[in-house]
Amino acid sequence: MSIDVGRSILIIVLCAACTFAERYFPFAVFGKREVPDTVRYLGKILPMAVIATLVVYCLRGTDIGSMSSLVPAASAVIVTALLHLWKSNTLISVAGGTAVYMVLVQAVFK
């Protein structure tokens, strides 16, 4: 299925507008007022909950009885965790874990 240029531009504009809106929303709601404790708590706990959900989602189909499925998945999780502990940079961590997984799946465990 191919998408024409106009539709592609519309998709990009909508994504940019949604991203801008979600970044602007807290300032529009709270302004210069103090942020409530509930919102601060959610700001601390939700990123970890999202990451945990993504880990479960990504590993749900892993066959633990098959080395060709288990080794790449486990290696990627370990590399991602170690990179994050070392650099504390989500982009580097996810990119590193993805790269390890793809190399293992595409080159080692064909």
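**Entry: Ser-93**

I looked up Ser-93 and found a relative accessibility of 2%, so I noted Ser-93 as buried. The cut-off I applied for buried is under 20%. I am working from a predicted model. I placed Ser-93 in helix H4. Next I asked which residues Ser-93 touches, not counting residues up to four places away in sequence. I listed Thr-80, Leu-83 and His-84.

**Entry: H3 and H4**

H3 covers residues 67–87 and H4 covers residues 90–108. I asked at what angle H3 and H4 pack. The angle is about 160°, and I noted the axes as 8 Å apart. The angle makes H3 roughly antiparallel to H4, because angles over 145 degrees count that way. I logged the crossing of H3 past H4 as right-handed.

I then went through the contact residues. On the H3 side I wrote down Val-71, Pro-72, Ala-73, Ser-75, Ala-76, Val-79, Thr-80, Leu-83 and His-84. On the H4 side I wrote down Thr-90, Ile-92, Ser-93, Val-94, Gly-96, Gly-97, Val-100, Tyr-101, Leu-104 and Val-105.

**Entry: Leu-82**

I turned to Leu-82, which lies in helix H3. Is Leu-82 buried or exposed? The relative accessible area is 54%, so I put Leu-82 down as exposed; the cut-off is over 50%. I also checked Leu-82 against Ile-12, which is 70 residues away along the chain. Their C-alpha atoms are separated by 34 Å.

**Entry: aromatic pair**

I searched the whole structure for aromatic pairs and got one. The rings belong to Phe-20 and Tyr-24, with centres 6.1 Å apart and planes at 5°.

Where do Phe-20 and Tyr-24 lie? I found both in helix H1, residues 5–30. They sit four residues apart, about one turn of the helix.

I checked the exposure of each ring-bearing residue. Phe-20 has a relative accessible area of 59%, so I marked Phe-20 as exposed. Tyr-24 has 49%, so I marked Tyr-24 as partly exposed.

Technical notes
Residues are numbered from 1 along each chain as its sequence is written. This is a predicted model: local features need pLDDT of at least 70, side-chain atom pairs count only at pLDDT 80 or more; totals for chains, interfaces and linings use all residues. Side-chain values use heavy atoms; hydrogens and water are left out. Axes are lines fitted to C-alpha atoms, for helices over the stretch in contact, and angles run from 0 to 180 degrees between N-to-C directions. Helices (H or I, at least four residues) and strands (E, at least two) are DSSP runs, numbered from the N terminus. Angles under 35 degrees count as roughly parallel, over 145 as roughly antiparallel, 65 to 115 as roughly perpendicular and the rest as oblique. A crossing is left-handed if the near helix is turned anticlockwise from the far one by less than a right angle, and right-handed if clockwise. Contact means heavy atoms within 4.5 Å. Rings of Phe, Tyr and Trp (its six-membered ring) pair if their centres lie within 6.5 Å; planes under 30 degrees apart count as stacked, over 60 as edge-to-face and the rest as tilted. Buried means under 20% relative accessible area, exposed over 50%, partly exposed in between (1.4 Å probe, protein chains only).
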